[in-house]
Amino acid sequence: MINPVLLIAIPLLAAFISVFIQKLSWVLLFGVSIFTAISGFFLQKGMFMIGGWKPPFGINLMIDDYSFIIIIVINLLFFLTLLSGMWELKKNKTILMVILAGINGLVMTGDLFNLFVFLEIITISGYILAASSDKYYSVFKYLVLGTLGSSLYLFGIMVLYGTLGTLNMADISQQFPNVSGSVKIISLTFVFAGLGVEAKLLPFNAWVKGIYGNTTPLTGPLFSTVFATGAIAVFGRIFGQILVPDSTLIFAFIALGLITFIFAETSAMASKKLRELLTFSSIGQAGLIITMFMIGGFYAALIQLINNAFAKTILFSYATKAYKSNGDDTINNMSGLFRKNVMMGFGFTVATLSLIGLPLFFGFYAKINMLQSAFALNMWIPALIILGSIIEGIYYIRLLVKLWNPGEEGQESSELAQSQFVIKNGFSLSLIAVLIGIIFVVSGIIPDFLTENIAKAADSLSDAATYLSTVLGGI
Amino acid sequence: MKKIIAILLTVAVALFVFTNLYSGDSDFKAFGEKSLEETVSKEFVNKTVDPQRVQPETGSANIVTSIVVNYRGFDTMGEVTVLFVSALGVALLGGVLRKKVTFRYKPGFIINQGMKIIVGIILISGIYIFVHGHLTPGGGFPGGAMIGSAFLLMYLSDDKFRTRIAAFKVLEGLAGSLIMIVGLVGLSTGGYFLYNFLPNGEIGQLLSAGIVPVLYVLVGLKVGSEVSNILGDFFIGEVEE
């Protein structure tokens with residue numbers, strides 16, 4: 001059994017050591033990543049105080065079933081990201097170790113201000129990594145919006161602290177229902193807006209296209225899976241369990257989520273470039289998952305979160321690698337590319353089919369559960385979800401056909417139209433593709449292992465009483 | 001047009017904040033009216049969080065320090081990391097700066113000689129501030145920033161002093177690693193990360209308050225070397241490498 005604080009302390013220690021022993025940083029980075037990926041499975045559950053100060057006075061880490069499964073997923077994804085971006089690491093190794101510590105802390109922490117600190121760590125690291133694409137205008141936009149988001153979040157928890165006199169999540173969730181309506185509205189709005197920037201919700205996501213659309217094989221999977229999963233998981237924790245919005249505000253939040261979903265899927269339909277298409281798909285998925293968290297469908301939201309994260313790893317790895325090797329990622333120029341690398345094509349196809357939720361794949365369970373929990377509420381939300389999913393299905397199937405089949409649409413395919421593109425250094429990518437493809441197929445046929453754990457996680461998220469008694473039990 | 005929309009939006013947000021915070025039934029008390037009784041800070045001030053420990057709990061004379069480094073030391077560790085990442089970012093993006101920074105005005109004799117006197121004083125006060133962080137106002141961050149300002153003065157007053165100090169890179173990493181190691185020692189001896197495993201001593205003495213001065217000296221060294229590194233990156237860029 002491993003104490004969860006080690007998942008933060010060891011990567012940070014390695015990061016500091018790598019500053020003065022730079023030759024070892026390669027070893028340190030992979031060693032730390034393998035350590036966290038494996039030890040995620042052996043994580044000790046429960047509440048862990050920092051410095052021995054009991055909550056709500058000190059800071060605590062909380063490992064319940066929810067953060068347990070998110071930690072496993074994030075650390076595995078981080079390792080896959082490293083494999084995908086192996087050739088892009090350059091001077092970024094120290095920053096990557098800090099990101100690993102920051103993202104683990106973000107998911108595990110039980111304190112609102114501590115969450116802000118970890119949010120700062122990963123967003124600042126994010127700016128620096130994004131700047132490696134040399135698109136300084138987009139990075140500056142990200143910098144301004146990200147900083148604004150952090151400040152808004154800070155303002156929100158300031159109001160909460162001024163009212164309740166505590167920052168501990170459990171303590172706040174206990175007292176929050178009795179707070180006057182005006183304080184509720186203001187703190188919820190600002191916390192939502194602040195986290196919405198990282199979670200890519202609609203009014204706050206102007207930065208996403210410039211950053212995700214210009215990613216490298218390292219930053220692509222890192223932003224779209226590790227960062228996105230962490231941000232959305234925090235979103236679920238805060239609005240599903242800690243600061244539960246009441247009926248008036250929650251409709252506004254659900255509406256924002258759904259609008260994000262529909263708009264992003266429509267924009268993806270019109271995209272001509274592969275990375276841009278995946279970017280909009282990521283935004284859409286974020287909107288969809290957050291909507292599910294808001295309407296209380298935690299189980300469906302978690303399945304889709306994990307499904308999307310693993311699928312996007314291979315999708316973004318492939319797209320960024322194709323761009324890196326050829327300097328172009330226009331979909332029309334890539335026709336028939338999968339014929340050259342069948343293994344990658346297999347992984348990509350399986351991931352896509354699972355993402356859009358076809359039967360036989362893992363994503364099917366996500367879509368089914370999503371619709372079930374949405375239909376329990378009213379007719380409009382499932383109708384919009386189905387609409388968005390159909391749009392998503394159309395553009396992804398069209399993409400797959402294009403990538404497998406050389407030639408123009410509506411004409412007989414011929415080897416002449418085969419793309420001239422090649423994938424360089426594709427070994428690690430093939431490895432990831434096959435690995436993820438097998439995970440999706442197996443978990444589609446035998447979903448019990450995954451779904452049981454996810455169901456446990458969803459239960460622990462909706463069971464606020466256990467969370468409270470675990471954290472504040474001693475008082 | 002954009003500016004008008006921006007102004008309207010700002011006014012709308014301001015109105016939204018104001019009306020909600022200061023409406024009649026708001027639980028958000030005006031400044032000075034909040035009772036400390038039901039907040040966590042009351043226990044911090046009285047040092048009565050954990051009755052099982054040797055009283056007084058933290059042994060540091062400065063309440064702010066006892067909160068920042070002891071009760072909420074994890075946040076401070078995080079903030080140190082934030083600064084660390086920012087310094088790394090400056091170092092990585094320093095490549096944008098292709099040529100050495102030079103000033104239009106050459107530093108004169110007075111600045112040059114005055115610097116030699118003042119730098120020592122600034123360095124000593126910086127070190128004094130972070131060494132006494134648990135007793136007097138100040139601590140690792142202000143002390144470290146003062147050390148950085150001493151190096152800024154050196155860069156400004158002497159054209160020839162434009163070398164990157166390699167020792168700072170080592171000091172930065174070493175101080176950071178030692179902070180984590182202090183935390184891990186607490187985990188192995190007391191069972192909690194960043195646990196105060198040293199005796200508290202007598203309040204007001206230089207050697208008191210357990211691990212607080214140790215951490216603050218490390219934070220001070222780390223911040224000082226990081227700020228100096230950032231300045232070095234800005235002044236020199238990638239030219240000399």
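User: Which side chains meet in a salt bridge between chain A and chain B, and at what N to O distance?

Analyst: A salt bridge is taken here as a side-chain nitrogen of Lys or Arg within 4 Å of a carboxyl oxygen of Asp or Glu. In this predicted model, Asp111(A) and Arg72(B) meet in such a pair through their side chains, at 2.7 Å from N to O, and the rule finds 1 salt bridge across the interface of the two chains. The model being predicted, local features need pLDDT of at least 70 and side-chain atom pairs count only at pLDDT 80 or more, whereas totals for chains, interfaces and linings use all residues; side-chain values use heavy atoms, with hydrogens and water left out. Residues are numbered from 1 along each chain as its sequence is written, while chains are lettered from A and ligands numbered from 1 in the order in which they are written.

User: How many residue pairs are in polar contact across that interface?

Analyst: A polar contact is a pair of N or O atoms within 3.5 Å, where within protein one must be able to donate a hydrogen and the other to accept it, and where residues adjacent in sequence count only if both atoms are side-chain atoms. By this rule there are 6 residue pairs in polar contact between chain B and chain A, both residues being at pLDDT 80 or more.

User: Which helices of chain B supply at least two residues each to the side that touches chain A?

Analyst: Helices (H or I, at least four residues) and strands (E, at least two) are DSSP runs numbered from the N terminus. Those of chain B that qualify are helix 1 (2-21), helix 2 (41-46), helix 3 (63-71), helix 4 (73-93) and helix 7 (166-190), and helix 4 gives the most, with 14 residues. This side of chain B divides into 29 nonpolar, 14 polar and 15 charged residues, with Ala, Val, Leu, Ile, Met, Phe, Trp, Tyr, Cys and Pro counted as nonpolar, Asp, Glu, Lys and Arg as charged, and the others, Gly among them, as polar.

User: What area do the two chains bury between them?

Analyst: Buried area is the accessible area (1.4 Å probe) that two parts lose on being put together, summed over both. For chain B and chain A the value is about 4,900 Å², 74% of it on carbon and sulfur atoms. In terms of contact, meaning heavy atoms within 4.5 Å, 58 residues of chain B meet 58 residues of chain A.

User: Is Phe57(A) buried or exposed, and which residues does it touch?

Analyst: A residue is buried under 20% relative accessible area, exposed over 50% and partly exposed in between (1.4 Å probe, protein chains only). Phe57(A), found in the loop between strand 1 (46-49) and strand 2 (60-63) of chain A, is buried at 11%. Leaving aside neighbours within four places in sequence, Phe57(A) is in contact with Val40(B), Glu43(B), Phe44(B), Val49(B) and Tyr71(B).

User: Where is Thr65(B) placed, and what are its contacts?

Analyst: Thr65(B) lies in helix 3 of chain B and counts as buried, at 1% relative accessibility. Beyond its neighbours within four places in sequence, its contacts are Ser60(B), Asn70(B), Gly133(B), His134(B), Val212(B) and Tyr216(B).

User: What radius of gyration does chain B have?

Analyst: The radius is taken over C-alpha atoms, and the globule rule is 2.2 Å times the number of residues to the power 0.38. Chain B has 23 Å, whereas a compact globule of 241 residues would have a value near 18 Å. Chain B is made up of 8 helices and 0 strands, and 43% of its 241 residues count as buried.
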